[in-house]
Amino acid sequence: MRVLDYEIPDKLHYSKEHEWVRVEGKQAVVGITDYAQKQLHEIVYVEVTKVGTNIDQFQIMGTVESVKSVSDIFAPASGKIVEVNNELSDSPELLNEDPYDRGWIAKVNLTNFDKDLKKLMSAQEYARYIESLEE
Amino acid sequence: MSEKPLQRTHLYRYHKRTAKMTQFAGFEMPLWYKGIIPEHLAVRNSVGIFDITHMGRAVITGSKNEAFLNYVTTNDVAALTPLSAHYSLMCNENGGIKDDLILSKLEQEKFLMVYNAANRQKNYQWLIQNAKTFNAKVEDVSDNIAMFAVQGPKAQQTLQKIANTDLSKIERFKCGWTKLTDVDVFLSRTGYTGEDGFEVFVWNTPLKDPANAEKVWNATLEAGESFEIQPCGLGARDTLRLEAGMCLYGNDITEDTNPLEAGLGFVVKLQKEAFLGKEALLRQKMEGIKRKRVGLKMLEKGIPRPQHEVWKDSLEKVGYVTSGTFSPILHCGIAMAYVSVQYMTEGENLNVKIRDKFIKAEVVKFPFYDTTKYGYGRQKQCAY
């Protein structure tokens, strides 16, 4: 769906810190939302925690920098990082251009997703959340 | 957070409609319109216009005003002829920098001082306090002037289309009066980007009567259309000045840094008669400085930011970053940093500690860009 100026795909789960999770079996792909990339604007640097690291939900798993600002990326779900998007190192602008697809950040082997899910939002809930922020 | 309402400029409605806004020094100002990078590149390659009305401005008059200005600033005011300007500093008694500024001589016994928005009140108080013993009058004219910067290799051609005098006659660091459309303005060929360009003062234009300010802004945008002029916000203003190696007050210079370590000794005329900070600076010059402001260019991925530590071989902390950003021209992280003098030499390899990692950097000279390709001194391009 589209809310205000922001794309919010239906099947994903969302965090209050504007990360998304797409579940694919026992694995999940994570990234930052359209809202996040539009707020940051002109992303020029991305750094992600090493493959093999175990992270807890909402723990810092990386950093994204625009020309002016530095923001943490919080893991939307607990698990082991099994792959990071190496393309972002040379092309951080992918986060601006295609935040839900080519701009994915990492793949995580989920360890406790049933519990994590309770602290995430559906697309509808996230849309209402964005609207409340823009008021 | 702040109780005082934010101040606005004459162009507020334009900014609010077209820009991402930010708070700066008590003002609500545009951060970017299209984006920091495209705005930055417009100024390096063609032309951009900035609203810099938030800056502080004072007019100094009176028969002893030159003696007063020579006492309160570090550069040699006697060297200024009417309609010329120079970069200068105000220092405290300890030689610490109160602010940096541009001083323009409007006519005999009349000067215009332009300084940082964040220091408006502080500087005005300082000027008033020190003017007492001189026959000099200081008037804060900040709220009566709209001020724009038109910067870039196409700045002159842009403004010429709407000016009624020959702007090529105004050389770098010279000033003059002209009409832009039908509005009287004062121009100085100065700026904060490293590029050729002008700063435009629309006098007698209080906030409640913004018509002349809007007229000049809109006419400039229209005149620059064929050069794809870009309105520019404070974001690009910061990246442009950093690439040019110019200091930002509060970051790179403060009351705790002195001009010699900041690399601004060229505007401190120690042979002048008594001036504020002279004795401390003479002493510092005799003793030698311990740290120096240098440029750092990152050799690995990573963007240096203020307060990041600078290390030698990850063994010894040798300094800290005061300004840092991603350079749109160099496509890498760049910074200004204060480092111990033994590590200030061009080509020195250092590390910036970014989130617990030591990222390789090299000491480089200012400006960061290739001066044959960018900046006011570049080869003049063929017209056709």
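Q: Is Phe58(A) buried, partly exposed or exposed, and how many other C-beta atoms lie within 10 Å?

A: A residue counts as buried if 20 or more other C-beta atoms lie within 10 Å of its own, as exposed if 12 or fewer do, and as partly exposed in between, with the C-beta atoms placed from the backbone. Phe58(A) has 17 such atoms within 10 Å and is therefore partly exposed. Residues are numbered from 1 along each chain as its sequence is written, and chains are lettered from A and ligands numbered from 1 in the order in which they are written. This is a predicted model, in which local features need pLDDT of at least 70 and side-chain atom pairs count only at pLDDT 80 or more, while totals for chains, interfaces and linings use all residues.

Q: Where does Phe58(A) lie, and what is its phi?

A: Helices (H or I, at least four residues) and strands (E, at least two) are DSSP runs, numbered from the N terminus. Phe58(A) lies in the loop between E7 and E8 of chain A, and its phi is positive, about 70°, although Phe58(A) is not a glycine.

Q: Which residue of chain B has a positive phi although it is not a glycine, and is it buried or exposed?

A: One of them is Ser314(B), with a positive phi of about 50°, placed in the loop between strand E15 (309-312) and strand E16 (316-327) of chain B. Ser314(B) is exposed, with 10 other C-beta atoms within 10 Å.

Q: What is the strand order in the open sheet of chain A?

A: Strands of a sheet pair through backbone hydrogen bonds, either parallel or antiparallel. Two strands are taken to pair if DSSP finds at least two bridges between them. In chain A, six strands form an open sheet in the order E3-E4-E5-E11-E10-E7, with antiparallel pairing. Strand E3 (13-14) and strand E7 (54-55) stand at its edges with a single partner strand each, so one side of each has no neighbour in the sheet. Within this sheet, strand E10 (residues 79-84) and strand E11 (residues 106-110) of chain A run antiparallel and are joined by five bridges, and Ile81(A) stands opposite Val108(A) in E11(A).

Q: How are strands E1 and E2 of chain B joined?

A: Strand E1 (residues 20-24) of chain B pairs with E2(B) in the antiparallel sense over five bridges, and Lys20(B) has Trp32(B) in E2(B) as its bridge partner. The two strands form a hairpin with two residues between them, and Ala25(B) in the turn has a positive phi of about 50°. In strand E2 (residues 27-32) of chain B, five of the six residues are buried, so this strand is largely enclosed by the rest of the structure.

Q: Which residues of helix H3 of chain B are buried, and where do they fall around the axis?

A: In helix H3 (residues 65-72) of chain B, the buried residues are Asn65(B), Phe68(B), Leu69(B), Tyr71(B) and Val72(B). Seen down the axis of H3(B), they fall within an arc of 160° (the arc of the directions from the helix axis to the C-beta atoms), so they line one face of the helix.
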